[in-house]
Amino acid sequence: MVEAIAEQTNGVVAILPGTPAGIINAKQLEKIAKIANEGAGVVKLTSMQRMAILVKKEQVEDVKKQLAEVDLKVGVVGPEVWNPMGCPGKLCKYARQDALADAMSIASLVGIKTPRPVKIGVSGCQNSCAWSKVVDIGLVGTKEGYDIYIGGDAGKNPRIGQKLKPVPKEEIIDSIKGIIDKFNE
């Protein structure tokens with residue numbers, strides 16, 4: 001596992017806690033604020049629904065312990081499945097599926113080794129608020145379950161992923177595992 005700890009150009013280190021679906025509770029947020037205040041005083045939100053806490057190099061091990069106190073681990077950035085992004089799910093009036101809860105359950109796949117990083121987005125409707133059509137594996141909610149997209153890219157050569165057959169909600173984890181297994185072959 002490659003921990004999400006990256007040296008910055010200004011000499012500080014960015015630590016990215018794992019935040020499945022971008023969810024952070026109040027106790028975790030208080031701890032992150034405390035760590036930031038004791039470090040470089042800054043937290044940067046990323047496009048992947050994560051927080052980069054900027055601290056001094058010598059603080060890294062202590063910060064990891066402090067994060068563990070509130071059930072946060074350092075996220076992953078290497079060739080493995082990353083924390084899934086999730087839209088607000090049933091909190092949104094357009095949702096067809098509870099993408100937030102489903103993204104949280106998909107988080108059980110985080111850390112599975114792959115040839116390169118695998119990003120997952122789970123959106124409750126066609127608005128695709130979690131970038132679901134332009135990540136490696138994307139789920140877009142429908143009345144019946146989810147449409148699955150694979151091979152999307154939001155980088156230098158943006159493209160919408162290839163749409164696969166729809167799957168019922170109950171089959172999304174097995175479907176994603178199958179895609180990852182095929183990718184690993």
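Trainee: Why is Cys92 called partly exposed?

Mentor: The model is a predicted one, and in it Cys92 has a relative accessibility of 27%. Buried requires under 20% and exposed requires over 50%, with partly exposed in between. Cys92, at 27%, therefore counts as partly exposed.

Trainee: What makes Cys125 buried?

Mentor: The relative accessibility of Cys125 is 10%. Because buried means under 20%, Cys125 counts as buried.

Trainee: How many disulfides does the rule give?

Mentor: The count is zero disulfides. Cys92 belongs to none, since the nearest cysteine sulfur, that of Cys125, is 5.5 Å away.

Trainee: Which residues line the largest cavity?

Mentor: The lining consists of Cys87, Pro88, Gly89, Cys92, Ala95, Ser123, Gly124, Cys125 and Cys129. The space inside is about 50 Å³, and a search of the whole structure finds one cavity of 30 Å³ or more.

Trainee: What classes of residue make up that lining?

Mentor: The lining of the largest cavity has six nonpolar, three polar and no charged residues. Cys counts as nonpolar, whereas Gly counts as polar.

Trainee: What is the volume of the largest pocket, and which residues lie nearest its centre?

Mentor: The volume of the largest pocket is about 340 Å³. Its lining has 16 residues, with Gly18, Pro20, Lys73, Asn83 and Val110 nearest the centre. By class, nine are nonpolar, five polar and two charged.

Trainee: How do you know that strand β7 is largely enclosed by the rest of the structure?

Mentor: Five of the five residues of β7, residues 137-141, are buried, so the strand is largely enclosed.

Trainee: What makes β7 a partner of β6 and of β8?

Mentor: Two strands pair if at least two bridges are found between them. Four bridges join β6 (residues 120-123) to β7 in parallel, with Gly121 opposite Gly138. Five bridges join β7 to β8 (residues 145-150), and these two run antiparallel. Val140 has Asp147 as its bridge partner in β8. Both pairings therefore meet the requirement of at least two bridges. β7 and β8 also form a hairpin, with three residues between them.

Conventions. Residues are numbered from 1 along each chain as its sequence is written. This is a predicted model: local features need pLDDT of at least 70, side-chain atom pairs count only at pLDDT 80 or more; totals for chains, interfaces and linings use all residues. Side-chain values use heavy atoms; hydrogens and water are left out. On a 1 Å grid over the protein atoms alone, a cavity is a set of points where a 1.4 Å probe fits but cannot get out, and a pocket is an open set with protein on both sides within 12 Å along at least five of seven lines; lining residues have an atom within 4 Å of a point. Grid points are joined across faces, edges and corners, and a volume is the space filled by probe spheres set on the points. A disulfide is a pair of cysteine sulfur atoms within 2.5 Å. Buried means under 20% relative accessible area, exposed over 50%, partly exposed in between (1.4 Å probe, protein chains only).
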